[in-house]
Amino acid sequence: MTGLDPRPPVALDAVVVGAGFAGLYALHRLRELGFSARLFEKGDGVGGTWYWNRYPGARCDLESFEYQYSFSEELARAWTWTERYPTQPEILRYANFVADRLDLRPDIQLETSIVSAVFDEDRARWTVVSDRGDVVSAKFCILATGSLSASVVPDFNGLEAFEGRWHHTGRWPHEGVDFRGQRVAVIGTGSSGVQAVPVIAEQASELFVFQRTPAYSMPAGNRPLQRQAVDAYKEQFVEIKRQARATWGGAVIQLAGPSALAVPAGELEAELETRWHLGGFHLIQSYGDVGRDHAANDLVAEFVRRKIRAAVKDPEVAEVLTPRDYPFGAKRPCLDSGYYEAFNQPHVRLIDVRTAPIEAITRQGVKAGGREYAVDIIVFATGYDAMTGSMLAFDITGRQGLSLRRKWAAGPLTYLGLTVAGFPNLFIITGPGSPSVTANMIIGAELQTDWIMACLGHMREHGWDSIEPQPDAESAWVEHVNATAKRTVFYGVASWYMGANIPGKPRVFMPYLGGLNRYTDHCNAIAANGYEGFVLARAGAAAGTDEAAT
Ligand code: NA7
């Protein structure tokens, strides 16, 4: 709280937290179904991650045609993408276009952070409090807080004494940063660093890239979209989206075959080469076993390693840029436009922090491996407290005073990635235990939101006041998410999927790797079976009584 006196509670059917694509769609569906709702957003505009991530080179790594709402042909026809991969400004314009077109703004409150949400068991309602003194009593609380929104600046010694400027890619200043003639450090080489490096290199006088783990990066193959392609896409929109919703990742990419191991070496090389030039994620979705079988995976990983060696002139630099100790795709692979080539420029230097650890930020720059690199600007492309950070950033208290932080102390527990035992009427979009970051985020958010809305409609129709998963259903789902991950090459790798980038965070594989298609079918079957694994209750009723149904 900011010291303001809380206002009298406003009674609503639902509160939505977060105005990214998930939150905007949730608000739209709530209103469409006649539920009263308010959406709270910390930023002073809509767009979620695309509102905050304004760093140079920021783009989606899904194609424009894939990364947009699928629910409305009318919206799709009214919007025209200009590039194969949309830039951050274009995506932000799209989010604003949607907010205007659906007339969502009257129910969106910007520049407002939620500080607490407490469930009142007797009334089966959430009391949600904001940092501006709003108090809302809502039957449902929907968290659309984003999987990658709690940005993390590592706790380096001396940052406060740094005399230059520093920025995190996920909290980029709206006015932009002028790198012309500046000495710059970029720390981190995930998607954000890989996208930013070539663009910053164009302006900076010196660029030091501090790498802890080398990325597998593939050429995006970005290009302007031709009018004809856009028109053809709009014509086929409904069918394309129907197909996308039925895929593992929410985007249609054809596999070349079930197994990379079953293909003769020359044929494999030719196929991978074709996919490399197609750009995007065609390479990762080349053969069915690349994500499951280490030997198959290594064939593709080795292909990428050869590409890195071919792109980078200095063999020593190429070697440092080459990932060798984790499978291809087990950490989020990157798409780039000239990342490896940037290191061929004399003013771009790679510093391997595995051999030269960052010791401190000094007044003048970054000290690593006993050497000080003097810079004017530090860019932290150091990632996020992924999947759980944005939810655990505020106090969420369920039944019997149980806090979500305590409940998730050993890792996130959810049923279907949508709900949490002990927290009735709380819904999460793109949270842990759902495909979320491993699939098309917009399509995933739509499918989850549709499920939530069907559930709310069911409750209204049958007069139920609360819904909550049973603990054993939740445990079985968590076990299933874990068992599914264990069958893949993702499991056990020190990635943010596992919480490994945050010191002290429990190591639990968070996204569900069963695929968006299977996941959606499963969630829909649960609903069709009378919300199997859930307790539906009247206000004040305990589970197992006449006033509750399981
Ligand atoms: P990522 O993918 O989490 O990348 C963060 C990078 O920062 C990664 O290379 C990290 O190395 C590095 N990092 C983090 N902490 C440190 C410290 N203390 N020292 C040195 N290097 C560090 O975040 P992005 O913003 O690039 O991408 C997030 C997602 O956005 C991406 O996956 C897409 O889905 C879009 P590490 O690998 O942990 O060794």
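Which residues have the most contacts inside the largest nonpolar core? The views below come from a predicted model.

**View 1. The largest nonpolar core, with Leu416 and Trp451.** This core has 121 residues, and Leu416 and Trp451 are those with the most contacts inside it. Helix α14 (residues 441-462) supplies the largest share of the core, eight residues. Apart from this core lies another, of 23 residues, including Leu12, Val17, Val420 and Phe423.

**View 2. The surroundings of Leu416.** Leaving aside residues up to four places away in sequence, Leu416 touches Trp451, Trp477, Tyr519, His522 and Phe534, among others. The list of its contacts also includes Gly433, Ser434, Gln448, Cys523 and Ile526.

**View 3. The open sheet of three strands.** The strand order is β13-β14-β15, and the pairing is antiparallel. β13 (358-361) and β15 (371-374) are the edge strands, each pairing on one side only. On average, neighbouring strands of this sheet are turned by 25 degrees against each other, direction ignored. Three bridges join β13 to β14 (residues 365-368) in the antiparallel sense. Ile361 has Val366 of β14 as its bridge partner.

**View 4. Gly279 in its loop.** Gly279 sits in the loop between α8 (265-278) and α9 (294-311). Gly279 counts as buried because its relative accessibility is 1%, and the cut-off for buried is under 20%. Beyond residues up to four places away in sequence, Gly279 touches Arg84, Tyr85, Pro219 and Ala220.

Key: Residues numbered from 1 in each chain as written. Predicted model: local features only at pLDDT ≥ 70, side-chain atom pairs only at ≥ 80, totals over all residues. Heavy atoms only, no water. Helix = DSSP H or I, 4+ residues; strand = E, 2+ residues; numbered from the N terminus. Buried < 20%, exposed > 50% of the residue type's maximum accessible area, 1.4 Å probe, protein only. Contact = heavy atoms within 4.5 Å. Pairing = 2+ DSSP bridges. Axes fitted to C-alpha atoms, helices over the stretch in contact; angles between N-to-C directions. Core = buried A, V, L, I, M, F, W, Y, C linked by side-chain atoms within 4.5 Å.
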